[in-house]
Amino acid sequence: MNRDQLQGSWKTFTGTLLQRWGALAGDPTAFDNGMRDRLDGRIQEQRGAAKRNSDRQLAAFMRRNRYWWDLSRH
């Protein structure tokens, strides 16, 4: 496991905590930020990519799939 994978694992963990805190506190912004951090961390962890590269990949995904959560748009 290299340093980038370890950082991705940590980001996944903290994203999970932030997401649970958002759900507990009823804060949708914290919940969404936690979900984004978890996804970013998993990309970084699985690919061993640098943080900058994983952020770029996640931003490209979000641009391509702007309404990925809304199944009624398809």
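**Figure 1. Helices α1 and α2 cross in a left-handed manner.** In this predicted model, the crossing of α1 past α2 is left-handed. Helix α1 covers residues 3-25, and its axis lies 7 Å from that of α2, at an angle of about 160°. The two helices are therefore roughly antiparallel to each other, since an angle over 145 degrees falls in that class. The residues in the contact of α1 with α2 comprise five nonpolar, 13 polar and seven charged ones.

**Figure 2. Gln-19 is a buried residue of helix α1.** The relative accessible area of Gln-19 is 9%. Gln-19 counts as buried because this value is under the cut-off of 20%. Leaving aside residues up to four places away in sequence, the residues that Gln-19 touches are Ala-30, Phe-31, Gly-34, Met-35 and Arg-38.

**Figure 3. Asp-37 is a partly exposed residue of helix α2.** Helix α2 spans residues 28-47, and Asp-37 is found within that stretch. With a relative accessibility of 25%, Asp-37 is classed as partly exposed, because that class runs between the buried limit of 20% and the exposed limit of 50%. Thr-14 is 23 residues from Asp-37 along the chain, and the C-alpha atoms of the two are 7.6 Å apart.

**Figure 4. Gln-46 is an exposed residue of helix α2.** The relative accessibility of Gln-46 is 57%. Gln-46 counts as exposed because the value is over 50%. Between the C-alpha atoms of Gln-46 and Ser-9 the separation is 9.0 Å, while 37 residues separate the pair along the chain.

**Figure 5. Helices α2 and α3 cross in a right-handed manner.** The axes of α2 and α3 come within 9 Å, and the crossing angle is roughly 125°. These two helices are therefore oblique to each other, as the angle lies between the range for roughly perpendicular, which ends at 115 degrees, and the limit of 145 for roughly antiparallel. From α2, the residues Arg-36, Leu-39, Asp-40, Ile-43, Gln-44 and Arg-47 take part in the contact; they meet Lys-51, Ser-54, Asp-55, Gln-57 and Leu-58 of α3. By type, the residues of this contact divide into three nonpolar, three polar and five charged.

**Figure 6. The protein chain contains three helices and zero strands.** Along the sequence, the order of elements is α-α-α. The chain has 74 residues, of which 23% count as buried. Among contacts with a separation of 6 or more, 44% join residues 24 or more positions apart. The average pLDDT of the chain is 84, and 88% of the residues score at least 70. Confidence is highest in α1, with a mean of 91, and lowest in helix α3, residues 51-64, with a mean of 83.

Terms used:
Residues numbered from 1 in each chain as written. Predicted model: local features only at pLDDT ≥ 70, side-chain atom pairs only at ≥ 80, totals over all residues. Heavy atoms only, no water. Helix = DSSP H or I, 4+ residues; strand = E, 2+ residues; numbered from the N terminus. Buried < 20%, exposed > 50% of the residue type's maximum accessible area, 1.4 Å probe, protein only. Axes fitted to C-alpha atoms, helices over the stretch in contact; angles between N-to-C directions. Parallel < 35°, antiparallel > 145°, perpendicular 65-115°, else oblique. Left-handed = near helix turned anticlockwise from the far one by under 90°. Nonpolar A, V, L, I, M, F, W, Y, C, P; charged D, E, K, R; others polar. pLDDT = per-residue confidence, 0-100. Contact = heavy atoms within 4.5 Å.
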